[in-house]
Amino acid sequence: MIRSKAFASALLTTAALLGAGVAPAAAQTQAAAVSCNDGAKTLTYRYQAAVKEYGTFTTSSRCRDINMRLRTNDPGVFLDACVVFVDHTSRCNNDDTYSTHGTEWATVATDVRDGTRFVLRVHAYDTDAQNVTFQISY
């Protein structure tokens, strides 16, 4: 009987919170990612041997991170990317390393302050990446 009362109390508390507009943490995180990525900028990479730079962009309060995804139907195409914080360095973030990106949203740089200026450096993972449309959100 005690367990039933505790369960009923938990259900009433959850219903009250949802009715008051308080969403569970997972839903809030997902909603934040959706609103961040909804404002994504679409760019196109054309294959070249050298690294290609895009930007200069400035971060906003819309996103905490700098995210990237490819917009392609070919699952074998990837791009390598890194972020350069131009007011502080000429090297890539994360110990001057690139991360590989596909069609799912993934982070290129995390916990970036609002108002930070950056360029995105991109190069082909391999020669399959000829003309690739991709998006970044920041």
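## Arginine 64 and aspartate 111

A salt bridge (a side-chain nitrogen of Lys or Arg within 4 Å of a carboxyl oxygen of Asp or Glu) joins arginine 64 to aspartate 111, with an N to O distance of 3.1 Å. This pair links distant parts of the chain, 47 residues apart: arginine 64 belongs to the loop between E2 and strand E3 (66-70), and aspartate 111 to the loop between strand E6 (106-109) and E7. Strands (E, at least two residues) and helices (H or I, at least four) are DSSP runs numbered from the N terminus. Arginine 64 and aspartate 111 are both exposed, where exposed means over 50% relative accessible area, buried under 20% and partly exposed in between, with a 1.4 Å probe and protein chains only.

## Basis of the model

The model is predicted; local features need pLDDT of at least 70, side-chain atom pairs count only at pLDDT 80 or more, and totals for chains, interfaces and linings use all residues. Residues are numbered from 1 along each chain as its sequence is written, and side-chain values use heavy atoms, leaving out hydrogens and water.

## Glutamate 53 and arginine 121

The structure holds four salt bridges in total. In one of them, glutamate 53 pairs with arginine 121, their closest N and O atoms lying 2.7 Å apart. Glutamate 53 is in strand E2 (residues 52-58) and arginine 121 in strand E7 (residues 117-124), so the pair ties together parts 68 residues apart in sequence. Glutamate 53 is partly exposed at 42% relative accessible area, whereas arginine 121 counts as buried at 17%.
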